[in-house]
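Take a look at the fold below.

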Amino acid sequence: MDQMVTANIALDIFSIVLSLIPVVYLISNRRLKYRLNQFFLGVAVSNIFMIIGDLADWLLQSTAEPWQKNTLSAFSALFYAASAFVLYFFFRYISDYLKLTGKPRKLCHISVITVCTIQVFFALISPFTGSIFYVADDGYQRGPLFIISQLVPLFCYLLFTALVIIYHKKLKRREVVFFLLYIFVPLGGGAAQMFTRGIAVVNIGVALALLFILVNIQFEYEITLQEQERELAKQERKLTEQ
C-alpha cells in the first residue's frame with residue numbers, strides 16, 4: 001500500500017471522527033426538537049456515509065475476486081447516493097435558516113429534489129449498468145455518465161451561493177463567510193479531483209466546514225432560540241399570575 005493510499009485512508013478516518021462531533025452534539029440534550037438541528041444532523045450523517053463509501057475505494061486496492069468487485073461497487077454507490085443526501089439536507093438547512101417562503105422556496109425545493117433524485121437513481125443502478133462508475137479488474141473506474149455526479153453538486157452549490165448572495169441582508173457577515181466556505185471547499189476540491197485522483201481533500205474540507213458552521217452559526221442560533229423560549233415562558237407565567 002503506497003503512501004498516498006495510506007494518507008487518504010487516514011484522512012477519511014479523521015474526517016469521519018470530525019463529522020461525528022456535530023452528530024454527538026446534536027443528539028444530546030433534546031437538541032433535535034429544533035427542525036434546523038434535524039437538517040444539520042442529516043448533513044452530518046450523510047457526510048459520514050459518503051466518507052465511508054469513499055474509504056472503500058482506498059481500502060480495496062485489489063478487485064481480482066468477485067466479492068471485492070461487489071463490495072467496492074456497493075460502497076461506491078453509497079458514496080454517490082449519500083453525497084446527494086448531503087446536498088438535499090444542506091438545502092433544507094440553509095432554506096430554513098434564511099426563512100425562505102412562497103414560490104422561491106417551492107421552486108428551489110423542487111429543483112434540488114429533482115437533481116438529487118437523478119443522482120441517487122444513477123448511483124443505485126451504476127453497479128449494474130456502469131453509468132456513473134464501474135469496477136474492473138484494476139479497480140474503480142468512471143463511467144460514461146460520470147459527469148452527472150459532477151453537474152448535480154455544481155448545480156446545487158451554485159444555487160446555495162445564489163441564495164446566500166440574494167438573502168445576505170438576513171445574515172451576519174461571518175454567517176455569509178462560513179456558508180460560502182462550506183459551499184466552495186467541496187466545490188473546489190471536487191473540481192480538482194475530477195481531473196486527477198490525488199489526496200482526498202474534499203472529505204476533510206467538508207468535515208471542517210461543518211464544524212465551522214456548528215461553532216460559528218449553529219451555537220449562536222440555539223442560544224437565540226433558548227432566549228426566545230425563556231422570554232416566552234416568562235410571559236406565560238405573568239399571564240398565569242394575572
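Along the sequence, the chain runs α-α-α-α-β-β-α-α-α. That pattern comprises seven helices and two strands. The model is predicted. The chain has 242 residues, and 48% of them count as buried.

**Helix pair**

Two packed helices are described by the angle between their axes and the distance between the axes. Here the pair is H3, residues 66-97, and H4, residues 102-129. Their packing angle is about 175° and their axes lie 8 Å apart. Angles over 145 degrees count as roughly antiparallel, so H3 and H4 are roughly antiparallel to each other. The residues of this contact comprise 15 nonpolar, five polar and three charged.

Leucine 154 and valine 215 sit in helices H5 and H7, respectively. The cut-offs matter for both: under 20% relative accessible area is buried, over 50% is exposed, and values in between are partly exposed.

| Residue | Helix | Relative accessible area |
|---|---|---|
| Leucine 154 | H5 (residues 146-166) | 35% |
| Valine 215 | H7 (residues 201-241) | 46% |

Leucine 154 therefore counts as partly exposed, at 35%. Valine 215, at 46%, is partly exposed as well.

Terms used:
Residues numbered from 1 in each chain as written. Predicted model: local features only at pLDDT ≥ 70, side-chain atom pairs only at ≥ 80, totals over all residues. Heavy atoms only, no water. Axes fitted to C-alpha atoms, helices over the stretch in contact; angles between N-to-C directions. Helix = DSSP H or I, 4+ residues; strand = E, 2+ residues; numbered from the N terminus. Parallel < 35°, antiparallel > 145°, perpendicular 65-115°, else oblique. Nonpolar A, V, L, I, M, F, W, Y, C, P; charged D, E, K, R; others polar. Buried < 20%, exposed > 50% of the residue type's maximum accessible area, 1.4 Å probe, protein only.
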